[in-house]
Amino acid sequence: MTIAENIAAIYENIAKTCAEYECDTSRVHLIAVSKKQDERRIEAALQAGHRIFGENRVQEAYDHWAHRRGQYDDLELHLIGPLQTNKVKDAVALFDVIQSVDREKLARKLSEEMAAQGRDLPCFIQVNTGLEEQKSGVIPDAVPEFLDYCYHDCGLNVTGLMCIPPVDDPPALHFALLQKLARQNNLPELSMGMSADYEAAIPLGATYIRVGTGVFGERE
Ligand SMILES: *Cc1c(COP(=O)(O)O)cnc(C)c1O
């Protein structure tokens, strides 16, 4: 299948799933995760009309996207990977949404950089729903307090939550938990679901699904 066909098939699956669960298709946005994909594939996705992309590394995102900003004024770039504080300046300059806010120092630095650059980017809090030691994200119980810090101490525009479920768990449990946390904290956006499990994330309220291999094929 071509990349245009992959994208069309994902939108068809979104429509089918939404019909089955009586949800509104326009709620679900597809982030094409272009990390470790080559130029030819990224061009193909753009040619197919796709404009929302995700990257997990700041430097690679610059290589992929900095020169394309001038060509496509409707690009929407999401940072979906861990962010080190020494990369915050570059991240704020390039991305449109930061999905991986997970600690006070980072929240503070993001707010300072956004003020300095005159940018007010929507942010998501990454939640470690599986309580995995090696994974970033705040633990579920800490969400209200961390959110309060982001809003009131930093003035960050937090609009949603993001999670990456543990590989061996049924993902729906984690999606349901993230949905519950978002409701309790009045957050409208939910970034959850990848190539293997986005169809399970849709009935549980996903507003952004992050699909890499399902759009582009296997990574290098
Ligand atoms: C790589 C990545 C994805 C995409 O994964 P696929 O399985 O290729 O769809 C989604 N979210 C995050 C945070 C990623 O790092």
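Predicted model: local features only at pLDDT ≥ 70, side-chain atom pairs only at ≥ 80, totals over all residues.
Visitor: Is Cys163 buried or exposed, and where is Cys163 found?

Guide: The general idea is a scale of relative accessible area, on which buried means under 20%, exposed means over 50%, and partly exposed lies in between, with a 1.4 Å probe and protein chains only. Cys163 has a relative accessible area of 0%, so it counts as buried. As for its place, helices (H or I, at least four residues) and strands (E, at least two) are DSSP runs, numbered from the N terminus, and Cys163 sits in the loop between β6 (158–162) and α7 (171–184).

Visitor: Which residues does Cys163 touch?

Guide: Contact means heavy atoms within 4.5 Å. Once residues up to four places away in sequence are set aside, Cys163 touches Val127, Thr129, His174, Phe175, Leu178, Ser191, Met192 and Arg210. The C-alpha atoms of Cys163 and Leu190 are separated by 8.5 Å, although these residues are 27 residues apart along the chain. Leu190 is also one of the residues touched by Gln179, along with Leu204 and Gly205, again not counting residues up to four places away in sequence. Gln179 belongs to helix α7, and at a relative accessible area of 14% Gln179 is buried.

Visitor: How many residues apart along the chain are Val28 and Gly205?

Guide: They are 177 residues apart along the chain, yet their C-alpha atoms are separated by 8.4 Å. Val28 lies in the loop between α1 (3–21) and β1 (29–33), and it is buried, with a relative accessible area of 5%. Leaving aside neighbours within four places in sequence, Val28 is in contact with Ile14, Cys18, Ile202, Ala206, Thr207 and Ile209.

Visitor: How many salt bridges does the structure hold?

Guide: Side chains of opposite charge can pair when their charged atoms come close. The cut-off here asks for a side-chain nitrogen of Lys or Arg within 4 Å of a carboxyl oxygen of Asp or Glu, and the structure holds seven such salt bridges. In one of them the side chains of Asp96 and Arg69 meet at 2.7 Å, N to O. This pair links distant parts of the chain, since Asp96 is in the loop between α4 (88–94) and β4 (97–101), whereas Arg69 is in the loop between α3 and β3 (76–79), 27 residues apart. Arg69 has 25% relative accessibility and therefore counts as partly exposed.

Visitor: Which side chain does Glu132 meet in a salt bridge?

Guide: Glu132 meets Lys135, at 2.8 Å, N to O. Glu132 counts as buried at 15% relative accessibility, while Lys135, with a relative accessible area of 21%, is partly exposed.

Visitor: Which residues form the negative surface patch?

Guide: Patches are made of residues with over 30% relative accessible area and no salt bridge, where like charges are joined within 9 Å and nonpolar side chains (Val, Leu, Ile, Met, Phe, Trp, Tyr) within 5 Å. Lys and Arg count as positive, Asp and Glu as negative, and His and the chain ends are not counted. The place of a charge is taken as NZ of Lys, CZ of Arg, CG of Asp or CD of Glu, and accessible areas come from the Shrake-Rupley method with a 1.4 Å probe, with only the protein chains shown counting as cover for residues. The negative patch is formed by Glu104, Glu145, Asp148 and Asp153, and its largest share, three residues, comes from α6. Asp153, found in helix α6, is partly exposed at a relative accessible area of 41%.

Visitor: Which residues form the positive surface patch?

Guide: That patch is formed by Lys36, Arg57, Lys87 and Arg219. Arg57 is placed in the loop between β2 (52–55) and α3 (58–65), and at 54% relative accessibility Arg57 counts as exposed.

Methods
Residues numbered from 1 in each chain as written. Heavy atoms only, no water.
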